[in-house]
Each structure stands twice: as structure tokens, then as C-alpha cells.
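I opened this model to look up its aromatic rings.

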Amino acid sequence: MHDLRGALFSGGDLAARLAAANLTGLDEPEQRRLGVAVGQRSARETFNVRLEGIRACADNHERWPDDYRQGVVEGLFLNEDGQVEARPRISPECAADVLQHHSAPERVLAGLREVLSTASWSVLFQQENPAFITAMREQLPRLPDLGQQPWTDIINDLEARAPFGPR
């Protein structure tokens, strides 16, 4: 988790480390924390981490536990300071990818909505908010049925909190 905050990851590095970590053998809080770290690093546009920590999770869903998936979603929306900082080109699509195979996407999104409702917004997110809202809407059809209403609720909440009012 420490290295996900800044170390370079060449192709195959994170995949090897995640395999060695034995995700399914970790305690659920550890699975979640590792997922958060992967989500945060992916949101900072680190391609290899996104490919090996998120895309692999979406493509081979049997070996990735729900708590890891939940952590990834949280990390895609929140930075290390607990601020909302999600990237329009990355966060909504990646979150939709990992939620497709989560056993309770509505629970993950309800929890995320609660955290997002009180979190401050990073300067970057304040600037990218309109594009992010558009990207969230585009991903809505890809979510499991149980996740669509909470996803819509998050969109509406973020729109209502926009610095210049709802768009």
C-alpha cells in the first residue's frame, strides 16, 4: 500500500504484488484498504495500476473479493486527504467496471454517497465537476440494476453541491 502512493510500477509489477499478497487470504479491512490505494493511484492516471489492479479485477471477477472492489470504488472518488477528487476519464468507468460483479453494489454506493456528501472538494474536482457529472451519466447504463438508483443519487448530490449551483 505504501508503494502505491508514489513508487513506479512497470508492467506486471502490481499484478505480481497483488498475487503475492493473496487478496482472498487478507482480512476484509485489509482488502478494502488495498483497494482504496489502488483506486487512488489509478485515479491519478497511473495506467499500469489501473490495468493490473482494476481492469484485471473487472475481467476476472472470481478471484477479487468484494471488500477490495469496494475499496477501489472509494479510492476512485476520494484522495488521500479524504477530499472528493475523481477524474472524469477514469473514475466513473473504472467504478462501473468493478461494481458489475460486486454482490451488493447498492450498499457500496450508499456508503460512498454518505462519505461524498460531507467531504470537501479538491480544487481539481471543483474544476472538473461538470465533465465528471457527464461521465457519471454516461456510465449509468453499465451499472447493475441495484446500483443505478444510488449512482443517480450521487450524481444529483454532486450537482446540487456544484460551486456555481446545479447545471
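**Aromatic rings**

I searched the whole structure and got five aromatic pairs. I counted rings of Phe, Tyr and Trp (its six-membered ring) as a pair if their centres lie within 6.5 Å; planes under 30 degrees apart are stacked, over 60 edge-to-face, the rest tilted.

One of the pairs is tryptophan 64 with tyrosine 68, tilted, at 5.1 Å centre to centre and 40° between the planes. Tryptophan 64 and tyrosine 68 are both buried (under 20% relative accessible area; exposed is over 50%, partly exposed in between; 1.4 Å probe, protein chains only).

Next I looked at phenylalanine 77 and phenylalanine 132, an edge-to-face pair at 5.7 Å centre to centre, with 85° between the planes. This pair links distant parts of the chain, 55 residues apart: phenylalanine 77 is in helix 4 (residues 66–77) and phenylalanine 132 in helix 7 (residues 123–139). Helices are DSSP runs (H or I, at least four residues), numbered from the N terminus. Both phenylalanine 77 and phenylalanine 132 are buried. Ring pairs join Phe77, Phe132, Trp121, Phe125 and Trp151 into a cluster.

**Aspartate 67**

I found aspartate 67 in helix 4. Which side chain of opposite charge is nearest to aspartate 67? It is arginine 107, 5.6 Å away; aspartate 67 is buried yet has no salt bridge (a side-chain nitrogen of Lys or Arg within 4 Å of a carboxyl oxygen of Asp or Glu). Lys and Arg count as positive, Asp and Glu as negative; His and the chain ends are not counted. Leaving out residues up to four places away in sequence, aspartate 67 touches Glu28, Gln31 and Arg32 (heavy atoms within 4.5 Å).

**Basis**

The model is predicted: local features need pLDDT of at least 70, side-chain atom pairs count only at pLDDT 80 or more, and totals for chains, interfaces and linings use all residues. Residues are numbered from 1 along each chain as its sequence is written, and side-chain values use heavy atoms, with hydrogens and water left out.

Notes:
Helices (H or I, at least four residues) and strands (E, at least two) are DSSP runs, numbered from the N terminus.
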